[in-house]
Amino acid sequence: MSGAGAPTLDLDGRGLKVVVVAASWHTTVMDGLVAGAERALAEAGVQDVTTVRVPGSFELPVAAQRAAGTADAVVALGVVIRGGTPHFDYVCQAATWGLTQVGLNTGIPVGFGLLTCDDEQQALDRAGLPGSREDKGAEAAQAAVATALTL
Ligand code: DLZ
């Protein structure tokens, strides 16, 4: 975890089954987020990891809901970059609201790794790539595992 006030999590995720659901827009950033999540899950000892790709962030909630039926925790990853129309707001709101509903309705924790950025550089800074300041894929995975271990 990174950023002011972020907790340090000491995780033992052995025995957990985790599904990573990942959008496909903005390939370079998404590859960094997925790699970060998978790396964090391995470091937490999670051995049963499945990664599922969907087209865009709007499709993350339905994929997360399906995954929640089979997993102890779900990690949702996506990148939405602001364009010239209100589309950005609709996709961000729908994905955020949908992922929240999945967690509440199923009781399965959903790690929130959806980047909502003004431009590609903001996303690259958070993608866990060489030169990135932050690794939001790893953070979402750690949060999902920590919550699954707590519940
Ligand atoms: C259509 C669209 C646009 C313009 N931008 C993004 C984006 O920045 N990130 C993302 O994950 N998805 C984007 N999409 C696709 C939508 O999420 C969705 O896949 C389509 O509207 C089809 O349902």
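Figure 1. Helices (H or I, at least four residues) and strands (E, at least two) are DSSP runs, numbered from the N terminus. This is a predicted model, in which local features need pLDDT of at least 70, side-chain atom pairs count only at pLDDT 80 or more, and totals for chains, interfaces and linings use all residues. Residues are numbered from 1 along each chain as its sequence is written. After H1 comes Gly 45, with a positive phi near 85 degrees.

**Figure 2. The buried residues of H1 and what they pack against.** Val 29, Met 30, Gly 32, Leu 33, Val 34, Gly 36, Ala 37, Ala 40 and Leu 41 are the buried residues of H1. A residue is buried if 20 or more other C-beta atoms lie within 10 Å of its own, exposed if 12 or fewer, and partly exposed in between, with C-beta atoms placed from the backbone. These residues pack against strands E1 (17-22), E2, E3 (73-81) and E4 (110-117), and against helices H4 (120-125) and H5 (136-150).

**Figure 3. The crossing of H1 and H5.** The two helices pack at an angle of about 40 degrees, with their axes 6 Å apart. Axes are lines fitted to C-alpha atoms, for helices over the stretch in contact, and angles run from 0 to 180 degrees between N-to-C directions. H1 and H5 are therefore oblique to each other; angles under 35 degrees count as roughly parallel, over 145 as roughly antiparallel, 65 to 115 as roughly perpendicular and the rest as oblique. The crossing is right-handed, meaning that the near helix is turned clockwise from the far one by less than a right angle. On the H1 side, the residues that meet H5 include Gly 36, Arg 39 and Leu 41; on the H5 side, those that meet H1 include Lys 136, Ala 140 and Val 145.

**Figure 4. Ala 40, a buried residue of H1.** Ala 40 counts as buried because it has 27 C-beta neighbours inside 10 Å. Apart from neighbours within four places in sequence, Ala 40 is in contact (C-beta atoms, placed from the backbone, within 7 Å) with Ala 138, Ala 141 and Gln 142.

**Figure 5. Helix H5 is mostly covered.** Of its 15 residues, 12 are buried, among them Glu 139, Ala 143 and Ala 148. The buried residues of H5 pack against E1, H1, E3 and E4.

**Figure 6. Ala 127 in the loop between H4 and H5.** Ala 127 counts as buried, with 28 C-beta neighbours inside 10 Å. Leaving aside neighbours within four places in sequence, Ala 127 is in contact with Val 29, Gly 32, Leu 33 and Ser 132.

**Figure 7. Phe 58 and Glu 59, two residues of an annotated binding site.** An unreviewed UniProt entry places the feature "binding site" at several positions, including Phe 58 and Glu 59; UniProt positions are given in the numbering used here, feature names are shortened, and annotations may be inferred rather than shown by experiment. Phe 58 lies in the loop between strand E2 (48-53) and helix H2 (60-68), and Glu 59 is placed in the loop between E2 and H2. Phe 58 has 19 C-beta neighbours inside 10 Å and so counts as partly exposed; Glu 59, with 18, counts as partly exposed. Not counting residues up to four places away in sequence, Phe 58 touches Val 91, Ala 94 and Ala 95, whereas Glu 59 is in contact with Ala 23 and Val 54.

Note on methods:
Contact = placed C-beta atoms within 7 Å.
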